[in-house]
Amino acid sequence: MGEMENILDSIERPLLFASKNSFSHLSNIKGLESTIRQITAIGSQQSVASSDKREKLQRIAESLKGFDDMPISEKKDSVLRAIEILGELRKNPSTSQPLNLSTSDMPSAFDLLASRKSLSTSIQFIKGVGPKLASLLEKKGIRTVEDAMYFIPREYQDRREIRKISKVEAGRVETVTGDVLAVDDVGFKGGRKKFFEIMVGDGSGFIVGKWFHFNLRYMKGRFKKGDKVIMTGEVRAFGGQREMHHPDIEPFDDTDKLNFGRIVPVYSLTEGLGEKTLRRIISQVIAGYLDAVIDGIPQFISGEKGLLPIREALRKVHFPDNGDDISALMSGNSAARKRLVFDEFFFLELGMALKHKGVILEKGITMEERGGLTGRLRKLLPFNLTMAQERVIQEIKRDMASNHPMNRLVQGDVGCGKTIVAFISVLIAVENGYQAAIMAPTELLAEQHYLNIHRFAENLGIKIALLTSGIKGKEKEAILSLIRTGVVQIVIGTHAVIQDAVEFKSLGLAIIDEQHRFGVVQRGIIKKKGDNPHILVMTATPIPRTLAMTVYGDLDFSVIDEMPPGRSPVETKIYNEKEREKVYAVIKKDVEAGRQAYVVYPLVEESEKSELMDATNMAERLKAVFPDFRIGLLHGRMKAEEKEAVMKGFKDREIDILVATTVIEVGIDVPNATVMVIEHAERFGLSQLHQLRGRVGRGSHKSRCLLLAQYKRSEEAWKRLKVMEETTDGFRIAEVDLEIRGPGDFLGTRQSGMPDFRVGSIIRDAVLLAEAKAEAFRLIEKDPHLSRPENGLLREMLGERWKGRLELAGIG
């Protein structure tokens, strides 16, 4: 290597670090300007330095002038400018242009930098786009060249062969071309809603395209008599006339090889953005920028799995070859799509594998069960634990006794007894002289954990504190001080627990409840509150295996798959608004027999005013319907002590019917309650309905869950509610909920910190997900830090995909 190459490498290294993980280190970097200035000065004195090279070295130094005092956005721009000039010095094409990587050599970290710059080019700078079109593309999530590449077609049309209209067959999707013979909008009988139709003929026959409930003015303006068009849709036959309903239609030009004579991609559009326009833009992106895409998956994996190279996959997913199988394309089983899905899943699971391996490599806190507190708790409990609870406690004890941090997910159906398992884990930490934190996603859940645990804690002489964002001023300062000094041994709270102001004396265990409402980032933050504390994640929402594999791939699993004895199955039935009196009759019968009932209203937002009004109005209405019964009210705006008083009143049978918002979703245990009425049931997710149903059936009496759905329910809502009637298996319900709503909705919020899925579906592509996971974990088993030279690029790309949010041993 020559003198100048050494100089350029010395400049490249700090610039690479500055741009690493989407520039996540920029705020911590100091002295970059002086470092680069010294190196460029040495370079300028080299005998091999031409005047052109000296000028470029000078420009690199100038681009970083005043670096330490710049805002982050300017720092990023200055680093990119320096990288661009460095690219010119290395005789690479300017990185503002599409990068042409050599396929024979393994890409370097510099190639990756140049690739990033190229692919992050704004879509606005593609020929013929401009600001107006860019704003339409942004509505579809297309802001950059890379976004356009991964905007995958929703379907394909086979335009390789265009049939004569006389030859098309009813029941088949066909493509025809011809002249517009007539354009009209027509009223239904009685002058009701109109539809729009176009008659198209090709000399062999004619066919009518029809659009119902459409923007008639828009359609009339698009086509006129005599226009040449191409039309694709399912052919229907009505009284000898061929029709297509809501076909795709475009102007036809047989010299246009992008849109005709081939398999054509069909994209999801927005008003003002046409298929031809989008095809043209994506075609330009593929032609101009495809060579900038770097293939991150190791060649030995691609070879074993028979995966296409990434560039070929991106080209073929948008513009298939004419010899490709149209049925594989339409069903989502093409080799091109398979490659892109595997790519997404592989980088997700590689991150999970590293997180898991990182935990194993980390030194943890060894904790042994000493028996004092846990033994005393068992004597206080009015019941024996189930075999499943005991098994999971043993798994947790093994983890806590090892010299690596526990990272375990405990899941089980509603009412299986996770809270007591968690509390025994907490007591082991306290017995060993450490603090424990329990984090819940809402103030209500945090308060309920506090109410359930503090009675036992007081009996055991343990100091416990509740910390939520609602606690302010001197009260908050006092709690923070007690946590800092170690006086408080158990902290229960919301996100407030991981705020900067919270300092633990010795955090040994963190329990995260309802983890699906938190992101992986929060788990990382709470770990930093102690010296590698043990992490226990609990969820009362059964998670389908496919989703659990994806979201919690870095955790060990425990399942409490047994219910405490004495539980009776809950009978579930759907009622519509007209059947309300039947629902009231069930409540009346059970309450007169000495039982109790819940009536629940949906809570869309905790702060929503209508929630208070609806629940209050329902309580007043029920007092009129049941004048002899005692009605209680529970909603999210009540203070903690008010809620505790109402819950205690219900538990002590001083309240017959409890009207509530979804605050009772988790945590209340009243064996005498046998009726759960859920108003507006169609507004809930299945898993949430299942949670609510779990509040009854806790005693030996027959229990019912009555779902009151509004009359105008959609077919999907009806299908969802029927599942509740058919099964009480939480895992089966979760699978259906996931199928209907998709992972993003099912999880409640997008998992912050995880790579997005632009192509793959964890339900549809479950087999590929399992394969990608196996390969990722196999790779990390061989190279736990991704430190081998051949995995250097992989490590950089992984950090890029996870956007700097991987907290790993041996990385970064």
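Let's start inside a strand: isoleucine 438 has isoleucine 511 in β13 as its bridge partner. The model you are looking at is predicted, so local features need pLDDT of at least 70 and side-chain atom pairs count only at pLDDT 80 or more, while totals for chains, interfaces and linings use all residues. Residues are numbered from 1 along each chain as its sequence is written, and side-chain values use heavy atoms, with hydrogens and water left out.

Strands here are DSSP runs of E with at least two residues, and helices are runs of H or I with at least four, both numbered from the N terminus. Two strands pair if DSSP finds at least two bridges between them. Strands of a sheet pair through backbone hydrogen bonds, either parallel or antiparallel. Strand β12 (residues 490-493) also runs parallel to β10, joined by four bridges, and in β12 valine 491 is the bridge partner of alanine 437.

Why is β10 (residues 435-439) described as largely enclosed by the rest of the structure? Five of its five residues are buried (under 20% relative accessible area; exposed is over 50%, and partly exposed lies in between, with a 1.4 Å probe and protein chains only). Gln435, Ala437 and Met439 are buried on one side, and Ala436 and Ile438 on the other.

For a contrast, look at glycine 323, in the loop between α11 (310-318) and α12 (326-331). Glycine 323 is exposed, with a relative accessible area of 74%.

Now find helix α2 (residues 32-44). The buried residues of α2 are Leu32, Ile36, Ile39, Thr40 and Gly43. They lie on the same side of α2 because they cover an arc of only 100° around the axis, taken from the directions from the helix axis to the C-beta atoms.

Finally, an open sheet of six strands pairs in parallel, in the order β16-β21-β20-β17-β19-β18. Its edge strands, β16 (570-576) and β18 (631-634), each pair on one side only. Four bridges join β18 to the parallel strand β19 (residues 657-660), where alanine 660 stands opposite leucine 634.
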